[in-house]
Amino acid sequence: MRSTRHRTIRTTVTASAAAALVLSASLVASAAALEAPDAGSSSAHDAAVGALTWSDEFDGAAGSAPNPASWNHETGGGGWGNNELQTYTDSRDNSALDGNGNLVITARQDGGGYTSARLTTKGKVQPRYGRLEARIQIPRGQGIWPAFWMLGGQFPNTPWPDSGEIDIMENVGYEPHMVHGTLHGPGYSGGNGIGAAYTHPQGWSFADTFHTFAIDWSPGSITWSVDGVAYQTRTTADTGGNPWVFDQPFFFILNVAVGGSWPGNPDGTTQFPQRMVVDYVRVYDSQL
């Protein structure tokens, strides 16, 4: 079955509230890094988070496919469990390198329908623990639903939600200033997922520039951050006695959905094509 990712009951967290939740007050100042073009990409950052285990920097010729040694294309339509409208393809029209060190996933209007791309690292790159991050400029517009997320490596043999799902970043177009991080597992899935929302400190759209979305993952604990500002930590104590299913390998998913139960459908204000531009995906101090 497909992962069903409806809108969940979440706590909205501003930059200052996030710091109070999981950081000392001294880290609040790092919110200024949100607008730094190279936030999260310096060698100093690499040293701070530890040894680089794996990365895709998306270097390659313009118009070429993402590295097939790391990425699979999931294709097809049918709503994907969320009443989504797009059909995912493996066409370069929907996923390609841009020649400038980025992967671009493009959602297009195609006649009366929509096409997009959904890429996974299943069976190829399945980290367990560590710091996992991607630097992304998300798309915008009503009905546009970009995501950087993970499923347990045993999926689909272990069905969702027992397989586990870690949403590192989701955005729905009607909330341009907000991103969400959520856990789904047995007893806490769909609308009962465990998570929080992070609001841009200036209230600006996350689509305006690149941002680094990350988790720091250790046994029994996951902390989410945006541009180095942590905004929530979830542990085994948060599952209400239900199983914590996140101490296993997970694979990455990058996709742009169109429409669905949470974002709603595009309307007359939505412009196409919409592009999600991914500078890199990196894994530090992890087990692969």
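Which two side chains meet in a salt bridge at 2.6 Å, N to O? Hold that thought for a second while I say what we're looking at.

This is a predicted model, with local features needing pLDDT of at least 70 and side-chain atom pairs counting only at pLDDT 80 or more, while totals for chains, interfaces and linings use all residues. Residues are numbered from 1 along each chain as its sequence is written, and side-chain values use heavy atoms, with hydrogens and water left out.

Okay, back to the question. The two side chains are Asp216 and Arg131. A salt bridge here is a side-chain nitrogen of Lys or Arg within 4 Å of a carboxyl oxygen of Asp or Glu. This one links distant parts of the chain: Asp216 sits in strand β14 (residues 211-218) and Arg131 in strand β9 (residues 130-137), 85 residues apart. When I say strand, I mean a DSSP run of E with at least two residues, numbered from the N terminus. Asp216 is partly exposed, at 31% relative accessible area, whereas Arg131 is buried, at 10%. The cut-offs there are under 20% for buried, over 50% for exposed, and partly exposed in between, using a 1.4 Å probe and protein chains only. Glu133 joins in as well, so we get a network of salt bridges linking Arg131, Glu133 and Asp216.

Across the whole structure, the search finds seven salt bridges. Let me show you two others. Glu57 and Arg282 meet with their side chains at 3.0 Å, N to O. Glu57 is in the loop between β2 (52-56) and β3 (72-74), Arg282 is in strand β18 (residues 274-284), and they are 225 residues apart. Glu57 is partly exposed at 23%, but Arg282 counts as buried at 8%. Then there's Arg118 with Glu74, where the closest N and O atoms are 2.6 Å apart.

β2 and β18 run antiparallel, joined by four bridges, with Leu52 opposite Tyr284. Strand β6 (residues 103-110) is antiparallel to β18 as well, with five bridges, and there Ile105 stands opposite Met276. β9 pairs with β18 in the antiparallel sense over seven bridges, and Val281 is the bridge partner of Ala134.

Val281 turns up again in the largest nonpolar core, which has 50 residues. A nonpolar core means buried Ala, Val, Leu, Ile, Met, Phe, Trp, Tyr and Cys residues joined through side-chain atoms within 4.5 Å. Among those with the most contacts inside this core are Ile136, Trp217, Phe246 and Val281. Strand β17 (residues 250-258) gives the most to this core, with five residues. There's also a second, separate core of seven residues, including Phe155 and Trp160.

Now find Trp217. Leaving aside neighbours within four places in sequence, Trp217 is in contact (heavy atoms within 4.5 Å) with residues including Tyr129, Met150, Ile166 and Phe250.

How do we describe two rings together? A pair of aromatic rings is described by the distance of the centres and the angle of the planes. Here, rings of Phe, Tyr and Trp (its six-membered ring) pair if their centres lie within 6.5 Å; planes under 30 degrees apart are stacked, over 60 edge-to-face, and the rest tilted. The search finds 15 aromatic pairs. Phe58 and Trp71 make a tilted one, 6.1 Å centre to centre with 35 degrees between the planes. Both of those residues are buried, Phe58 at 1% and Trp71 at 4%. Trp217 and Phe250 are edge-to-face, at 5.6 Å and 90 degrees. That pair reaches from strand β14 to strand β17, 33 residues apart, and both residues are buried. Ring pairs also gather Tyr129, Tyr188, Trp217, Trp244, Phe246 and Phe250 into a cluster.

Technical notes:
Two strands pair if DSSP finds at least two bridges between them.
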